Amino acid sequence: MIYEVLKKHKHVMEYNDETDIIKKSDIIDLLKKTWEITPSKNNLMPWQVFVVGPDNQNYKNIVYNICSKNEDRANGVNEYKDNDYIKGRVPAYANIKSCQYLFMMPQRLSGPLNHYQQQQWNNGVFYDTYTEEGLTNSENIINLECGIFGANFRALAIEKEIDTSYTLCFSGNLNYWKDLPFIDRPVTLIMTVGYGKKYRKDIIFNDPKPNFDTIVKLI
């Protein structure tokens, strides 16, 4: 059953802005369930999820521009046009502009410690993400946990027939995020949420993932 649910995921190129708005209470319910089932090393969760809703289009536009400028730096200036859907040239993060909800997951200095964690800390157990230096060196852990959180939210959203998509096309340099006052640490993952109108699979056809035997090696 889980397999059948996850198979339904489709990357959204553009969300439908003519559908009903997903209730804030429904998003909160999905987020709470996702938080509940997502594991974290030492139960510290050194990351946060900032949720931008339907009434904050300006923030979505800012994030879109952050992603676009990152692509410009990587690939040269891009000048995407509406009819470029046919050519497969519209960026995969274009859905940021049309999504209902936008999630940004930046790093977070862990704490406050719970009773057990504080006892462990007092007894000499070191929690990397509880210190600034340790947090900086814990990027791999944070990336993994945010990915698990995103995958869990996606699965729960699919059950509600809600579409989601991810992007990593952005810079972690905080200089690019200065127009978002709530972002004060590097962002790990961006997710978009809504009801899809155009999907990547309907625009780009000959782009399969590597075959199973290339990825999975039995020793």
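Analyst: Happy to! Please keep in mind that this is a predicted model.

User: Is Q117 buried or exposed?

Analyst: Q117 sits in helix 5, which spans residues 115-122. Its relative accessible area is 3%, and the cut-off for burial is under 20%. The answer for Q117 is therefore buried.

User: Which residues does Q117 touch, leaving aside those up to four places away in sequence?

Analyst: Let us begin with a polar atom of the Q117 side chain, which lies 2.8 Å from the backbone oxygen of N42. N42 is also one of the residues that Q117 touches once those up to four places away in sequence are set aside.

User: How many aromatic pairs does a search of the whole structure find?

Analyst: The search covers the whole structure, and its total is nine.

User: What kind of aromatic pair do F50 and F182 form?

Analyst: A pair of aromatic rings is described by the distance of the centres and the angle of the planes. For F50 and F182 the centres are 5.2 Å apart and the planes are at 40 degrees. Stacked needs under 30 degrees and edge-to-face over 60. The pair of F50 and F182 is tilted.

User: How many residues apart in sequence are the parts that this pair ties together?

Analyst: F50 lies in strand 2 (residues 50-52), while F182 is in the loop between strand 4 (163-167) and strand 5 (187-194). F50 is partly exposed at 22% relative accessible area, and F182 is partly exposed at 21%. The parts tied together by the pair are 132 residues apart in sequence.

User: And what kind of pair do W121 and Y130 make?

Analyst: W121 is partly exposed, with 27% relative accessibility, and Y130 is partly exposed too, with 28%. Their ring centres are 4.9 Å apart, and the planes stand at 80 degrees. Because that angle is over 60 degrees, the pair is edge-to-face.

User: Last one: what is the area of the nonpolar surface patch that includes I215?

Analyst: I215 lies in helix 8, residues 212-215, and is exposed, with a relative accessible area of 56%. F212, V216 and L218 make the patch along with I215. The area of this nonpolar surface patch is about 470 Å².

Conventions
Residues are numbered from 1 along each chain as its sequence is written. This is a predicted model: local features need pLDDT of at least 70, side-chain atom pairs count only at pLDDT 80 or more; totals for chains, interfaces and linings use all residues. Side-chain values use heavy atoms; hydrogens and water are left out. Helices (H or I, at least four residues) and strands (E, at least two) are DSSP runs, numbered from the N terminus. Buried means under 20% relative accessible area, exposed over 50%, partly exposed in between (1.4 Å probe, protein chains only). A polar contact is a pair of N or O atoms within 3.5 Å; within protein, one must be able to donate a hydrogen and the other to accept it, and residues adjacent in sequence count only if both atoms are side-chain atoms. Contact means heavy atoms within 4.5 Å. Patches are made of residues with over 30% relative accessible area and no salt bridge: like charges are joined within 9 Å, nonpolar side chains (Val, Leu, Ile, Met, Phe, Trp, Tyr) within 5 Å. Accessible areas come from the Shrake-Rupley method with a 1.4 Å probe; for residues, only the protein chains shown count as cover. A salt bridge is a side-chain nitrogen of Lys or Arg within 4 Å of a carboxyl oxygen of Asp or Glu. Rings of Phe, Tyr and Trp (its six-membered ring) pair if their centres lie within 6.5 Å; planes under 30 degrees apart count as stacked, over 60 as edge-to-face and the rest as tilted.
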